[in-house]
Amino acid sequence: MRFVVLRRYAGPDADVLRAASDVQLARWIDGLGVVAVVATFARLGAQHAAVFGADVKPSAESLSTLLFRAGWGRSWWVAIASAATVTWLAPRLRSATPSHWAAASAAVLVFAATQPWSGHPAAAAMPLLAIAAQLVHIIGAGGWIGSLALLTFVSVPAAIRIGSDGGGDPDLRVAALLRAFSPTALLFAAFLGVTGLATAWVNLGGVAALWQSPYGRTLLVKLSLLAIVAGTGLYNWRRVLPSLGAPSGSAALRRSSLVELGAGLLVLLVSSMLVATPMPSE
């Protein structure tokens, strides 16, 4: 969002809008970093239950086995270190130092890479290829849905707030923001779609598994929700974008973006179930 969309923004008050977005982005990154730390500890609990059973309480011996004697533990340590690094860097991003933003971006990328490293791709026949495909899939989701969330909750409110201070037309800023965002969203959506289809085909091993296995049925739910996300994105691109520049267009964008983000959140929830569901070949 910061490195692509806001740099492409060519509307009124570009420098003021970028500075206002930077302040809010730093606060969001701070909060999301804390969420990543909590989620990583929760994942440790889920892995413990999966390996030792839900009725077995964690002990020094069982945690030591997970964290120091298994490959899963190595990826967990990298994940918690990268999430903690993001929370440490987030308050420093408000100074807008390029090195801090670059370091935070690298930490987020490392955190993303730990997810396929400790999931189904690590057990694939060609693990490096599977991990790379899954990482591109995650980057595609973040670039599309993550950027839309930051656009909706950070940059668009900042564009309107600048207007409320008495300068320029906020609806023109919102229109320019979406024009900067649309090509980026299409590119990341393509990453998401191509890698998702390839991964699904490899994991299923055949079309029949789509309705004959728990993994396939969960995947069908995810694909249905993704169709809603994609359809809403198409509506934004084809119908909302041409209407922007007026208050009614900005209001339509807020409504459709919330629908798209709501469906995207459900996709994330189903994806978290999918990674814990045995594949048909297992």
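The bend at a residue is the angle between axes fitted to the seven residues ending there and the seven starting there. The structure is a predicted model, in which local features need pLDDT of at least 70, side-chain atom pairs count only at pLDDT 80 or more, and totals for chains, interfaces and linings use all residues. Residues are numbered from 1 along each chain as its sequence is written, and side-chain values use heavy atoms, with hydrogens and water left out.

**View 1. Helix 7 carries a kink of about 30 degrees at F181.** The kink lies shortly before the proline P183. Helices (H or I, at least four residues) are DSSP runs numbered from the N terminus. With 35 residues, helix 7 reaches 48 Å from its first C-alpha to its last, close to the 51 Å expected at 1.5 Å a residue; the expected span is 1.5 Å times one less than the number of residues. Just after helix 7, G205 takes a positive phi of about 80 degrees.

**View 2. The second largest pocket holds about 220 Å³ of space.** On a 1 Å grid over the protein atoms alone, a pocket is an open set of points with protein on both sides within 12 Å along at least five of seven lines, and lining residues have an atom within 4 Å of a point. Grid points are joined across faces, edges and corners, and a volume is the space filled by probe spheres set on the points. Of the 14 lining residues, W144, A185, L186, G233 and W237 lie nearest the centre of the pocket. Helix 6 (127-164), helix 7 and helix 9 each give two or more residues to this lining, and helix 7 provides the largest share, 6 residues.

**View 3. The largest cavity has a volume of about 40 Å³.** A cavity is a set of grid points where a 1.4 Å probe fits but cannot get out. Lining this cavity are L151, T152, V156, L253, R254 and S257. Helix 6 and helix 10 (247-274) each supply at least two of the lining residues.
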